[in-house]
Amino acid sequence: MVNESLRDIIDVEWHRTEFANEFFKSLLHRGQRRQFGLLERPSLPPSKETTIVEYKIFLCGRSGVGKTATVAKLAGNKIPNVFSETAGIETTSIYWPVQVKATNKVVFFRLNIWDVGDNAIRKFEHILPACQSNADCYIYTFSFIDRSSFEDIPQLISRMMGDDNNLEGRKPAQIIMGTRADQYIHSDISEMELRDLAQAWRIPLLRTKNTYLNKPATEQIYDIAPILDVICGMLWQRDNSQLR
């Protein structure tokens, strides 16, 4: 569910409009999501050229909750069938366009997502500071079928914000992400507990299914839009509120 305040910042239905088609086509290659290299960017006709803003996002949480699968889903990649602990730091760049309501202009977000194995953080002291340095957003992850990972979230938030090493001094935006929402029927985490957690910390809580949608790329975009729209909206809100 999209945070109501974000509806005043970005048009959350814009990706379904005809005007948005050209922008989202630039994210595709031969009918599939395109994977962008370090120096690559979406190719748009001159009439559609737009501003690109870049952000660093740190995806954190205990091992096995589905961080890597979540990144794969958002990037349009196949989700691994077998769990394998992320050995170090892996970065994935995701481009996503949104229409800002205040200006009616389209802005392309380049989201550089940092995914790191929890064991690597514990083993190497330099990894956590590197992930936190200049981070624009922390996404705290838990699995709906791992209650202990959900109970870890308050401690994780306190640890991340207490040890924040953001060099520019700006507070990162914060999001809680529940993974494996497709298996919620097997979860013993209640809706009341989810609501209480989000309200207590004043952090929006999103849900993602760790399954690959084997359908046309357009439907895949509709599937991930609610998550990426919230991430982009919160980053835009953070920067504009801090400019005032």
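**Structural briefing**

Strand β7, helix α7 (residues 191-201) and strand β8 form a right-handed β-α-β unit; a crossover is right-handed if, with the strands pointing away from the viewer, the path from the first strand over the helix to the second runs clockwise. Helices (H or I, at least four residues) and strands (E, at least two) are DSSP runs, numbered from the N terminus. This is a predicted model, in which local features need pLDDT of at least 70 and side-chain atom pairs count only at pLDDT 80 or more, while totals for chains, interfaces and linings use all residues. Residues are numbered from 1 along each chain as its sequence is written, and side-chain values use heavy atoms, with hydrogens and water left out.

**Sheet architecture**

- Six strands make an open sheet with mixed pairing, in the order β4-β5-β3-β6-β7-β8; two strands pair if DSSP finds at least two bridges between them.
- Strands β4 and β8 are at the edges, each pairing on one side only.
- From one strand to the next, the twist averages 30°; axes are lines fitted to C-alpha atoms, for helices over the stretch in contact, and angles run from 0 to 180 degrees between N-to-C directions.
- Helix α7 packs on the sheet and touches β6, β7 and β8, its direction making about 135° with that of β8; contact means heavy atoms within 4.5 Å.

**Parallel pairings**

- Strand β3 (residues 51-60) pairs with β6 in the parallel sense over four bridges, and leucine 59 stands opposite isoleucine 139 in β6.
- Strand β6 (residues 137-143) and β7 are parallel, with seven bridges; here phenylalanine 142 stands opposite glycine 178 in β7.
- β7 also pairs in the parallel sense with strand β8 (residues 205-207), over three bridges, with methionine 177 opposite leucine 206 in β8.

- Seven of the seven residues in β7 are buried, buried meaning under 20% relative accessible area, exposed over 50% and partly exposed in between (1.4 Å probe, protein chains only).
- In a regular strand the side chains alternate between the two faces of the sheet.
- In β7 both faces are covered, with Ala173, Ile175, Met177 and Thr179 buried on one side and Gln174, Ile176 and Gly178 buried on the other.
- Glutamine 174 lies in β7 (residues 173-179) and counts as buried because its relative accessible area is 17%.
- The side chain of glutamine 174 makes a polar contact with that of tyrosine 140 at 2.6 Å; such a contact is a pair of N or O atoms within 3.5 Å, where within protein one must be able to donate a hydrogen and the other to accept it, and residues adjacent in sequence count only if both atoms are side-chain atoms.
- Beyond its neighbours within four places in sequence, glutamine 174 is in contact with Tyr138, Tyr140, Ile157, Met161, Ile203, Pro204 and Met234.

- Strands β4 (residues 89-100) and β5 (residues 105-116) pair in the antiparallel sense over 12 bridges, and serine 93 has asparagine 112 in β5 as its bridge partner.
- Four residues separate β4 and β5 in this hairpin, and asparagine 104 in the turn has a positive phi of about 60°.
- Most residues other than glycine have a negative phi.
- Asparagine 104 counts as exposed because its relative accessibility is 55%.
- Asparagine 134, in the loop between α4 (127-132) and β6, likewise has a positive phi, near 60°.
- Asparagine 134 is partly exposed, at 31% relative accessibility.
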